Amino acid sequence: MAILRRLQRAIEHLHGAKSGLDVRAYVVDEETRREIPGACDGIPEQLFVRENGDDLEMALYVAPEIVAQLESDDPFARLHHGNLEPYAVALEGVSHFVLVAWRASCERPVSLLELEIQAEVDKFVVSWLLLSRQGQPFVHTALPLIERLFERYELREELTGEESDRYETATRVALRYCYALARSFEQHRDFGQVRRSVRHFYRKGLADKLRAA
């Protein structure tokens, strides 16, 4: 599960938002996942959250084949078309985990739509940074990455109508925001400004995120 921990650190570092938790302690296997209310077959990642009095209980499932693929084809060594999809799946689950944990530490609620919007933004920005560290120029990778993540995707058949609508909405919001980030960098060539925008966006509530996009 080292890959999930590395994703957690990347997300928390990007946003300056430490959860104080280790995602690996909350990962469940397939057998345990089946016993959790709300588990859906065919979905490669799911975050389960339950309030128990003053406590918040969480469990994260990431399909074993996703983790195995990332361990054998490490995206932190080289992110490419062949491992981008499993990388994005795992990153989405970890993004959900970090946002729920961080909001809980701030005693702030979070909606399902917010989780999806933030996960889509995290997929783009964390990948954009990773590609830069691997020698790919920011200006050349942003728009192809946006196209791959936000325009060339298919919704899973297992999703309900409500879930599909929520995912479509989140994708549209994240696309507008990430496209604006990419254009801002093209104009100013200042990734510090991009990072400040991303951190500010992370701390907004749903209504403000929708307006910001």
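**Charges, rings and helices: a working chat**

Colleague: What lies over the face of Y202?
Modeller: K209 does, at 5.9 Å from the ring centre. Bear in mind that the model is predicted.

Colleague: And over the face of Y61?
Modeller: That one is R33, placed 5.1 Å from the ring centre.

Colleague: Moving to ring pairs. How many aromatic pairs does a search of the whole structure find?
Modeller: Ten aromatic pairs turn up. Take F138 and F185: their ring centres are 5.2 Å apart and their planes meet at 65 degrees, so this pair counts as edge-to-face, for which the planes must be over 60 degrees apart.

Colleague: Which helices do F138 and F185 lie in?
Modeller: F138 is in α6 and F185 in α7, so the pair ties together parts that are 47 residues apart in sequence.

Colleague: Are F138 and F185 buried or exposed?
Modeller: Both are buried. They also belong to a cluster linked by ring pairs, made up of F124, W128, F138, F185 and F191.

Colleague: What does W128 touch, leaving aside neighbours within four places in sequence?
Modeller: Its contacts are F138, T141, A142, L145, L181, A182, F185, F191 and V194.

Colleague: How many residues does the largest nonpolar core have?
Modeller: It has 66 residues. W128 is among those with the most contacts inside this core, along with L4, L7, Y87, F124 and V125.

Colleague: Which helix gives the most to this core?
Modeller: That is α4, with twelve residues. As background, nonpolar side chains in soluble globular proteins tend to be buried together.

Colleague: Back to α6. How far does the helix reach from its first C-alpha to its last?
Modeller: With 14 residues, α6 reaches 19 Å, close to the 20 Å expected at 1.5 Å a residue.

Colleague: Which residues of α6 are buried?
Modeller: F138, T141, A142, L145, I146, R148, L149 and F150. The buried residues of α6 pack against α4, α5, α7 and α8.

Colleague: What is V139 in contact with, setting aside neighbours within four places in sequence?
Modeller: F185, E186 and R189. The C-alpha atoms of V139 and R189 are 8.3 Å apart in space, while the two residues are 50 apart in sequence.

Colleague: Where is R189 found?
Modeller: R189 is in the loop between α7 and α8. R189 is exposed, with a relative accessible area of 54%. Not counting residues up to four places away in sequence, R189 touches V139 and S184.

Colleague: Change of topic: α3. Which of its residues are buried?
Modeller: I66, V67 and L70 are the buried residues of α3, which covers residues 64-72. Seen down the helix axis, these buried residues fall within an arc of 95 degrees, so they line one face of α3.

Colleague: Why would residues a few places apart point the same way?
Modeller: An α-helix has 3.6 residues a turn, so residues three or four places apart point the same way.

Colleague: Which exposed residues sit on the face of α3 turned away from its buried side?
Modeller: E65, E71 and S72.

Colleague: And what covers the buried residues of α3?
Modeller: The cover includes α1 (2-15), β2 (55-62) and α4 (81-105).

Note on methods: Residues numbered from 1 in each chain as written. Predicted model: local features only at pLDDT ≥ 70, side-chain atom pairs only at ≥ 80, totals over all residues. Heavy atoms only, no water. Buried < 20%, exposed > 50% of the residue type's maximum accessible area, 1.4 Å probe, protein only. Helix = DSSP H or I, 4+ residues; strand = E, 2+ residues; numbered from the N terminus. Arc of directions from axis to C-beta. Contact = heavy atoms within 4.5 Å. Core = buried A, V, L, I, M, F, W, Y, C linked by side-chain atoms within 4.5 Å. Phe/Tyr/Trp six-rings, centres within 6.5 Å; stacked < 30°, edge-to-face > 60°. Lys NZ or Arg CZ within 6 Å of the ring centre and 35° of its normal. Expected span 1.5 Å × (residues − 1).
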